[in-house]
Amino acid sequence: MLQAAVIISCGICVVAGLYVGIMIFREFPRLRNKL
Amino acid sequence: MHWIDWTVVALYIGALVLITVKARRTRLLEDFTVASRDMPRAMVFATLSATYIGPAYTLGIAASAAERGYVWYLIALMVPLQTILIGKWVAPRLREYSQCHSVGHVMGEIYGTPVRWITGILSFLFNSFVVGLIARAFGEVVSNFTGISAETVIIVGTLPVIFYAAWGGVKTVMLTDAIQFAVLAVAIPSVIYFSGFLFDMGSLAGKVSELHFTWHGGYPPGELWGLMAAFFFGEILLPPYCVRALAARDPKQAGSGFVSAGLYGFPWMFIVVTIGIIGGASLPGLTGDTIFLKTMEMYLPVGMLGLVLAGIFGIIMSSQDSCLHSASVAFSIDIYQLIRPDASDETLLRYSQYAVGAIGVIAIIFALLVPGLVQALMIVYTMWAPTVVAPLVIGLLWKDVPKASGLAGIVAGAAAAAIWEWGLGIPYGVPSLVAGLVANQLAFWTVAYSYRKGRTA
């Protein structure tokens, strides 16, 4: 169970990081003006 | 450390500064203070996560976990848990104050000008000291790890933060926070992967004591409850978190941004605690905040170490920039504007930017000159929860709250916390934060009850 928890936690963390990274990359021109 | 790792760290800091310059310089007060109140949910999530995941919730938690094990997951979980609760019930209400620029401003709307003054001054002191505290802690930890002098680390680490916080206000703070979040979220879990324990947690169990896998970690129940309460209440609605709610596009997005950031804390804290336990097993005898960095150094290959160190820099800078920004806004909006009510938005913006520079430089000087100040700063750090938090939450939920009860709660909470900490020497090990919060609520409800009774009589 501990094993599964560690793998799932790492997976969620990396996916969230990639999601935000891609969002910034795609939205930067808009964010730059809107922010 | 290899030169490739240093290059990765230098590229990362350079990229942050470049992106800041590319984002336009702030020209409006509302841009500077609350990013024109147009932050989408994903940005609120990323920036709030990066802000509350500070050095304490990485290096500090890992060090404690190395010593006591997974009980620190239970303790650390109090932070994401309160973030979810705040997101569900309080953050949307906070966002409804669409004319306000700061938490002091909101408190002023609810409880009147004296409370705005007190909250503004507390917020200013709290945030300014935290900037210095983070700079000092950062300098010591990185110096211990790399061999570079703490002074150099403090200056090199804090100057870019001052620059981008003054340049673009909260908009660049949030943008850089989101970038820092992306880097730290991808980089930090790699420590577990490269340690070899990701698919072999069973072998870890044989290397640390069984106590590491219990829910109490050997703590007496009273101490464990005290720690959980301190973590739950200690960081509720700190000024930088309130700014994220005020900057959201609408109340719904403020709430869901907070809830997502809270949910993210569940896997994050688990990873940090696991890295701490891996560090404890791999480096027996080593204690303190460097355990996280030494574990990284032990397992990560060249290049990856630089990326993870950049992630650590991000963790520190994203908390520091948010506090620096909140201190400057508290100064201009809650202190200067009350002295000069006729000050124009341009003047307030200019003063906010000057304040970022001045507070940043003073924080560096303090961090360089007064290492023994850390303990004193920690006491200031414990003053937020016993004073402002409960009246703020109640005031947001109860529209007809009596104005005098806010002031009574703040004064009683501050006095009780100070007496508990300094006068009585923390009896029974109960944190001064808890004692202050109880006194705050007794005074708050006594005054509220007398007011209601007086009105109905």
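**Exercise 1.** Determine how H7(B) and helix H19 (residues 384-397) of chain B are arranged, and which residues make their contact.

Solution. The axes of H7(B) and H19(B) come within 10 Å and cross at roughly 60°. Axes here are lines fitted to C-alpha atoms, for helices over the stretch in contact, with angles from 0 to 180 degrees between N-to-C directions. The two helices are therefore oblique to each other; angles under 35 degrees count as roughly parallel, over 145 as roughly antiparallel, 65 to 115 as roughly perpendicular and the rest as oblique. Their crossing is left-handed, a term used if the near helix is turned anticlockwise from the far one by less than a right angle, with right-handed for clockwise. H7(B) contributes Val103(B), Met107(B), Ile110(B) and Tyr111(B), while H19(B) contributes Val388(B), Pro391(B), Leu392(B) and Gly395(B). By class, this contact has 7 nonpolar, 1 polar and no charged residues. Ala, Val, Leu, Ile, Met, Phe, Trp, Tyr, Cys and Pro count as nonpolar, Asp, Glu, Lys and Arg as charged, and the others, Gly among them, as polar.

The model is predicted: local features need pLDDT of at least 70, side-chain atom pairs count only at pLDDT 80 or more, and totals for chains, interfaces and linings use all residues. Residues are numbered from 1 along each chain as its sequence is written, and chains are lettered from A and ligands numbered from 1 in the order in which they are written.

**Exercise 2.** Describe the contact between domain 1 of chain B and domain 2 of chain B.

Solution. Begin with the bounds: domain 1 covers 3-369 and domain 2 covers 378-457 of chain B, as given by an automatic or database domain assignment. The C-alpha centres of these domains lie 26 Å apart. Next, 28 residues of domain 1 of chain B are in contact with 25 residues of domain 2 of chain B; contact requires C-beta atoms, placed from the backbone, to lie within 7 Å. On the domain 1 side, two or more residues come from each of helix H6 (78-95), helix H7 (103-111), helix H8 (113-146) and helix H12 (221-234) of chain B. H8(B) gives the most to that side, with 9 residues. The side divides into 21 nonpolar, 5 polar and 2 charged residues.

**Exercise 3.** Identify which helices of chain B each supply at least two residues to the side that touches chain A.

Solution. The contact takes 25 residues from chain B and 21 residues from chain A. The helices in question are H3 (41-52), H9 (150-187) and H14 (251-282) of chain B; helices are DSSP runs (H or I, at least four residues), numbered from the N terminus. The largest share, 8 residues, comes from H9(B). By class, this side of chain B has 20 nonpolar, 1 polar and 4 charged residues.

**Exercise 4.** State how H3(B) packs against H14(B).

Solution. The axes of H3(B) and H14(B) are 8 Å apart, at an angle of about 45°. H3(B) is therefore oblique to H14(B). The crossing of H3(B) with H14(B) is right-handed. Among the residues in this contact are Phe45(B) and Leu48(B) of H3(B) and Phe258(B) and Tyr264(B) of H14(B). The classes are 7 nonpolar, 5 polar and 1 charged.

How values were computed
Contact = placed C-beta atoms within 7 Å.
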